[in-house]
Amino acid sequence: MSVAAGVPADLMRLRTGVGYDVHAFAEGRPLVLGGVNVPHTRGLAGHSDADVLAHAVADALLGAVRGGDIGKLFPDTDPAYAGADSLVLLAAVAEKVRAEGFAIIDVDSVIAAQAPKLSPYRDCMRENLARAMGIAVENVGVKATTTERLGFEGREEGISATATCLVCRID
């Protein structure tokens with residue numbers, strides 16, 4: 001008997017994905033999160049613009065369609081992606097999701113950072129991510145949390161982001 005025995009066919013069209021990304025802080029770089037330039041003393045190290053939130057969302061989408069990860073599609077060894085706008089990369093991932101026969105239904109995410117305070121930028125991040133994926137802003141969640149000074153985020157060594165998504169196969 002298969003694992004899916006007894007599950008209605010319509011539910012078998014749904015898939016979820018989870019994405020996680022981490023970047024260390026670096027001097028002399030802008031801090032870009034969800035396509036927003038957030039004022040801060042340091043940005044994040046990375047081959048692209050190091051938008052940890054956009055990367056986590058892209059990995060969630062790729063995971064849902066079993067498409068690997070963002071590093072597979074846009075390797076950090078390729079000079080073409082040096083300084084790349086991660087929202088452009090996310091838009092390409094969303095196109096891949098659609099080309100694989102799926103619609104993006106919903107995305108939720110959380111950023112873990114001790115500093116800076118991110119709540120003033122949340123709505124703009126949601127709008128940027130939604131636009132890049134071609135979905136309604138009400139279907140994109142962005143939250144931020146500190147780690148109560150625990151771990152690398154709490155020591156202000158870097159920022160992490162986690163995202164989850166729901167996609168549906170369309171025929």
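**Where Leu53 sits**

In which helix does Leu53 lie? Leu53 lies in helix α1. The model is predicted, with local features needing pLDDT of at least 70, side-chain atom pairs counting only at pLDDT 80 or more, and totals for chains, interfaces and linings using all residues. Residues are numbered from 1 along each chain as its sequence is written, and side-chain values use heavy atoms, with hydrogens and water left out. Helices (H or I, at least four residues) and strands (E, at least two) are DSSP runs, numbered from the N terminus.

Leu53 has a relative accessible area of 0% and is therefore buried. Buried means under 20% relative accessible area, exposed means over 50%, and partly exposed is in between (1.4 Å probe, protein chains only). When neighbours within four places in sequence are left aside, Leu53 is in contact (heavy atoms within 4.5 Å) with Gly34, Ser109, Ile111, Met125, Leu129, Val142 and Ala161. Leu53 and Glu100 are 47 residues apart along the chain, and their C-alpha atoms are separated by 23 Å.

**Helix α1 against helix α4**

Helix α1 covers residues 52–64 and helix α4 covers residues 122–133; they pack at an angle of about 40 degrees, with axes 11 Å apart. Axes are lines fitted to C-alpha atoms, for helices over the stretch in contact, and angles run from 0 to 180 degrees between N-to-C directions. α1 and α4 are therefore oblique to each other. Angles under 35 degrees count as roughly parallel, over 145 as roughly antiparallel, 65 to 115 as roughly perpendicular, and the rest as oblique.

The α1 side of this contact consists of Leu53, Ala54, Val57 and Leu61, and the α4 side of Met125, Leu129 and Met133. Sorted by class, the contact of α1 with α4 has seven nonpolar residues, no polar and no charged ones. Here Ala, Val, Leu, Ile, Met, Phe, Trp, Tyr, Cys and Pro count as nonpolar, Asp, Glu, Lys and Arg as charged, and the others, Gly among them, as polar.

**Helix α3 and its two partners**

Helix α3 (residues 86–99) packs against α4 at an angle of about 45 degrees, and the axes are 7 Å apart. The arrangement of α3 and α4 is therefore oblique. On the α3 side are Leu87, Leu90, Ala91, Ala94 and Arg98, which meet Asn128, Leu129, Ala132 and Met133 in α4. The contact of α3 with α4 is made up of seven nonpolar residues, one polar and one charged.

With α1 and α3, the packing angle is about 10 degrees and the axes are 9 Å apart. α1 is therefore roughly parallel to α3. Ala54, His55, Val57, Ala58, Leu61 and Leu62 in α1 meet Ser86, Leu87, Leu90, Val93, Lys96 and Val97 in α3. The classes in the contact of α1 with α3 are nine nonpolar, two polar and one charged.

**An aromatic pair**

A pair of aromatic rings is described by the distance of the centres and the angle of the planes. The structure holds one aromatic pair. Phe74 and Tyr81 form this pair, which is edge-to-face, with 5.2 Å centre to centre and 80 degrees between the planes. Rings of Phe, Tyr and Trp (its six-membered ring) pair if their centres lie within 6.5 Å; planes under 30 degrees apart count as stacked, over 60 as edge-to-face and the rest as tilted. Phe74 is buried because its relative accessible area is 14%, whereas Tyr81, at 21%, is partly exposed.

**Backbone exceptions**

Most residues other than glycine have a negative phi, and most peptide bonds are trans. Ala50 is not a glycine, but has a positive phi of about 65 degrees. Ala50 is in the loop between β4 (43–44) and α1, and is buried because its relative accessibility is 0%. Arg66, also not a glycine, has a positive phi of about 55 degrees. Arg66 is in the loop between α1 and α2 (70–73); its relative accessible area is 57%, so Arg66 is exposed.

The peptide bond from Ala115 to Pro116 is cis, with omega near 0 degrees. Pro116 is in the loop between β5 (102–112) and α4.

**Val38 in strand β3**

Val38 lies in strand β3 (residues 36–38) and is buried, because its relative accessibility is 4%. Apart from neighbours within four places in sequence, Val38 is in contact with Leu31, Leu33, Pro116, Leu118, Tyr121 and Met125. The C-alpha atoms of Val38 and Pro75 are separated by 25 Å, and the two residues are 37 apart along the chain.
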